[in-house]
Amino acid sequence: MISPRGRHFFANPGPTNIPDSVLLATAHASVDFNDPAFFAVYEAGRAGLQRVLRQDSGELFLYTASGHGAWDATLVNLFSPGDRLLMIASGYFSDSWAAMAARLGLTVETVAADWRRGADIAAVEKALRADAKGTIRAVCAVHNETSTGLVLPLPAIRAAIDAARHPALFLVDTISSLGSFDFRMSEWGIDAVVGGSQKGLMLPAGLSFTAVSERGMAAHREAGLARGYFDWTAMLSRPHKSFMGTVPVTFFYGLREALRLLEEEGLENVFARHHRLAGGVRAAVRAWAGNHGPELYGITPERLSDSVTTILMPEGFDAEAVRAIARERFNVSLGGGLGALGGKVFRIGHLGDLNEAMVMGTLAAVDMSLTRAGVPHGGGALDAAMASFAE
Ligand SMILES: *Cc1c(COP(=O)(O)O)cnc(C)c1O
């Protein structure tokens, strides 16, 4: 039975907690989206997003859509039927993006990877070298694979494309890394970045965007896939240089406040906080793993994500049972396993508006839920997390 009192602890890796001040800012009365007063808020929001993206040049297109919409928009605006894409496999989200590209009539090749280890970047370079004619149009990577909790090293991928002297565009999904750990669009030579509102940016779901480099815009001008709602050229002719139809104005009052919070804390400090919180969660999971308990899904330590931890259940135990107890008995919402990982893993989101005490509450609820579900696990997880946080 859910206790009706106290805060619902929300430990999903997206959507994430919305800070009270962002919630209040989002509760804004309707305004005309062409009103100069709104336009100023809108332009400031775009500029702020470009600072968080570290985008120095190119365009930024915004959509009333979740992240999937931004995936779609990015593909239809950059490519022509049959174009070849090289998707670096990382998990459920890279598979889903690849499947969408195939549905749009693109030819998707994959750099295969063990989801628990993460892709070998040398294999990316090898695949590009094998394409001597340079017909692969883009390398696609999910920066932070939210299903597995593993990160891809984007500068190393850029270096692999350069080492192969390959002309492919570099496309990155930063939906669950932006505003949580280091991301630098221009410095890392990324041509199209897909982002969304409801993860590190601490906003409700429904606003997503693509930041595009000058090279990306040149590719757009040649692209031949059919486009309707998401046509960048059509968007550029509108005053907001984004959106078809009504601009979702309330998002931009929320975005102004979310950007204010991120920049008041300082992005470097935001990243350091995410790193600390992730360290505590990982310390707890390593303790649970004793006694044949749940363990870290990722087995490449330097690739473990600072925004989400995926936890693999011991053989024969159902992650959904643990999640149900956490939700029903302790009013704590954990992330579930996606796709093929359903029932095998659960996920703790540690991104966005979060601090050590909130993470300790979540870890305590997980510990109690494991006990109630009869899942074997090592002791001392909370002590391990506290020791990590007290450092
Ligand atoms: C959440 C997420 C998506 C999908 O975004 P929606 O807003 O749910 O459509 C895509 N990629 C990654 C890495 C994500 O974490």
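These legends walk through several close-up views of a predicted model.

Local features were taken at pLDDT of at least 70 and side-chain atom pairs at pLDDT 80 or more, while totals for chains, interfaces and linings use all residues. Residues are numbered from 1 along each chain as its sequence is written, and side-chain values use heavy atoms, with hydrogens and water left out.

View 1. Helices (H or I, at least four residues) and strands (E, at least two) are DSSP runs numbered from the N terminus.

View 2. Look for Ser-66, which has a polar side-chain atom 2.6 Å from a ligand oxygen atom. His-68 likewise places a polar side-chain atom 2.6 Å from an oxygen atom of the ligand. In the side chain of Lys-199, an N or O atom is 2.6 Å from an oxygen atom of the ligand. A polar contact is a pair of N or O atoms within 3.5 Å. Taken alone the ligand exposes 380 Å², and the protein buries 90% of that; these areas come from the Shrake-Rupley method with a 1.4 Å probe.

View 3. The axes of H10 (residues 267–288) and H12 (residues 356–372) come within 10 Å and cross at roughly 20°. H10 and H12 are therefore roughly parallel to each other, and their crossing is right-handed. The axes of H12 and H13 (residues 381–390) also come within 10 Å, crossing at roughly 165°. That makes H12 roughly antiparallel to H13, and H12 passes H13 in a right-handed crossing. Axes are lines fitted to C-alpha atoms over the stretch in contact, with angles from 0 to 180 degrees between N-to-C directions. Angles under 35 degrees count as roughly parallel and over 145 as roughly antiparallel. A crossing is right-handed if the near helix is turned clockwise from the far one by less than a right angle.

**View 4. Helices H5 and H6.** The axes of H5 (residues 121–130) and H6 (residues 154–163) come within 9 Å and cross at roughly 25°. That makes H5 roughly parallel to H6, and the crossing is right-handed.

**View 5. Two backbone details in loops.** The peptide bond from Gly-14 to Pro-15 is cis, with omega near 0°. Pro-15 sits in the loop between strand S1 (9–11) and helix H1 (20–26). Met-202, although not a glycine, has a positive phi of about 65°. Met-202 belongs to the loop between strands S9 (192–196) and S10 (207–212).

Technical notes
Polar contact = N/O pair within 3.5 Å; in protein donor to acceptor, adjacent residues only side chain to side chain. Parallel < 35°, antiparallel > 145°, perpendicular 65-115°, else oblique.
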